[in-house]
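Take a walk through this structure, from the whole chain down to single residues.

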Amino acid sequence: MIAHYKVVQRRQDVGMRISSLYRQQQLSIGILDSGSIDELKGALDWYSANMNCTLHVITLEDTFEDEGLGDSYPDITFICFKSLVPLGEMINAFAAECYASYFLVVRSDMQILGFDGSALLHIMADKTHPAMLTPVMLNSDMEVLPTLRAPFLKGKELDPLSFMPDITPGTLSANLYPVMGLGLYDRALFQRLRGYDEEVGSEFFQLMDFGNRTHLYGFPIFTCSDFAIRFLNKHSIIEDRSACEGMNRVYTKALSVHRIAGKNVIEKYKPYVDKQLLKSEVKTKQIILQKTDYFTLIKEWKNGTDGDAKQ
């Protein structure tokens, strides 16, 4: 990844800088600047007061400079982009800069309703080794949103189904990918999976591609009922699933490997194929690492408990 951002490091004394060289922090929080400046400042004040871990803000250079955020919040690190970039690029940058075992991605236009850090990190350390935990999401009216995704093919098209999450306390529900990129990530695993594909041109396809690869390589993603967020002003979440640049990359990685009798074989998925990617990556690396195939995921997936799929 070519860095198109600058990092303004938080204030640290010399002793903290030296000690940080010898121990990796457990958790870092990245706040996506996604609303008004008042919402951003309100979020920074709340996280500074309530979360005892390093904070990063992913924002624009103009916002950082115009609002004097570095002076107002000297104990927060700012990742400043020159212009708006896709969501995946912002999260990749945060993952590269945070130097923590786990990282949490949130937005400035939402509030956390439930987050038991020690319990969630215990789940992340379980033998099932989830790649990440995603939150139950509520709209501004406190209504639960259908943010569980399940793998599905509609004809030849990748078109995940949507379900309501189970909100029974202590419940983990399988989720194909993190809606809006929000959730608690295992940083080392995220980087081993090569993060989000910046050659894919839309948020939906970036997120789905990451989720596809995660599950195909044998690592689950769960929505945790004890982890909840609420949007301050949103009533619903709308995904733009229209065709985009790099879409063939997503199809090629998801559907070119078939698992037959315990062995992976290559079969081009027409009409969507990226021939260069198939040759350079899928046939040389992915075929070795993949533990299942997309068609098996569809067959074996445990859908939403309410049985009500939403397109």
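**A tour of the chain**

Start at His-129, which sits in the loop between helix 6 (117-124) and strand 7. The model is predicted. Phi of His-129 is near 50°, a positive value in a residue that is not glycine. Most residues other than glycine have a negative phi. His-129 is partly exposed, at a relative accessible area of 27%.

A second residue of this kind is Tyr-99. Its phi is also positive, near 50°, and Tyr-99 is not glycine. Look for Tyr-99 in the loop between helix 5 (87-98) and strand 5 (100-107). Its relative accessibility is 52%, and Tyr-99 therefore counts as exposed, because the cut-off is over 50%.

Now step back to the whole chain. The secondary structure comes to 11 helices and 16 strands. The radius of gyration is 20 Å, close to the 19 Å that the globule rule gives for 311 residues, so the chain is as compact as a globular protein of that length. Along the principal axes, the C-alpha atoms fill a box of roughly 60 × 40 × 35 Å. Buried residues make up 52% of the 311 residues.

The contacts tell of the fold as well. Take those with a separation of 6 or more: residues 24 or more positions apart account for 76% of them. The chain exposes about 14,700 Å², and carbon and sulfur atoms supply 51% of that area. There are 33 positive and 39 negative charges, and their mean positions are 11 Å apart.

Is strand 7 (residues 132-138) enclosed or open? In strand 7, 7 of the 7 residues are buried, so the strand is largely enclosed by the rest of the structure. Strand 7 has parallel and antiparallel partners. With strand 14 (residues 221-231) it runs parallel, joined by 7 bridges. There, Val-136 stands opposite Ala-228. With strand 13 (residues 183-186) strand 7 runs antiparallel, joined by 2 bridges. In that pairing, Leu-133 stands opposite Leu-184.

Helix 9 (residues 247-255) is another enclosed element. Of its 9 residues, 8 are buried, so the helix is largely enclosed by the rest of the structure. Among the buried residues are Arg-249, Tyr-251 and Lys-253. What covers them? The cover of the buried residues of helix 9 includes strand 9 (153-154), strand 10 (157-158), helix 8 (203-216), strand 15 (257-260), helix 10 (275-289) and helix 11 (294-300).

Two of these covering elements lead onward. The first stop is strand 10. Pro-160 lies in the loop between strand 10 and strand 11 (161-163). Pro-160 is buried, with a relative accessible area of 0%. Pro-160 and Ser-242 are 82 residues apart in sequence, and their C-alpha atoms are 13 Å apart in space.

The next stop is strand 15. Strand 15 and strand 16 (residues 263-266) run antiparallel, joined by 4 bridges. Arg-259 has Asn-264 of strand 16 as its bridge partner. The two strands form a hairpin with 2 residues between them, and Ala-261 in this hairpin takes a positive phi near 50°.

Follow the chain beyond strand 16 to finish. Pro-271 is found in the loop between strand 16 and helix 10. The peptide bond from Lys-270 to Pro-271 is cis, with omega near 15°. Most peptide bonds are trans.

Notes:
Residues are numbered from 1 along each chain as its sequence is written. This is a predicted model: local features need pLDDT of at least 70, side-chain atom pairs count only at pLDDT 80 or more; totals for chains, interfaces and linings use all residues. Side-chain values use heavy atoms; hydrogens and water are left out. Buried means under 20% relative accessible area, exposed over 50%, partly exposed in between (1.4 Å probe, protein chains only). Two strands pair if DSSP finds at least two bridges between them. Contact means heavy atoms within 4.5 Å. The radius of gyration is taken over C-alpha atoms; the globule rule is 2.2 Å times the number of residues to the power 0.38. Accessible areas come from the Shrake-Rupley method with a 1.4 Å probe; for residues, only the protein chains shown count as cover. Lys and Arg count as positive and Asp and Glu as negative; His and the chain ends are not counted. The place of a charge is taken as NZ of Lys, CZ of Arg, CG of Asp or CD of Glu.
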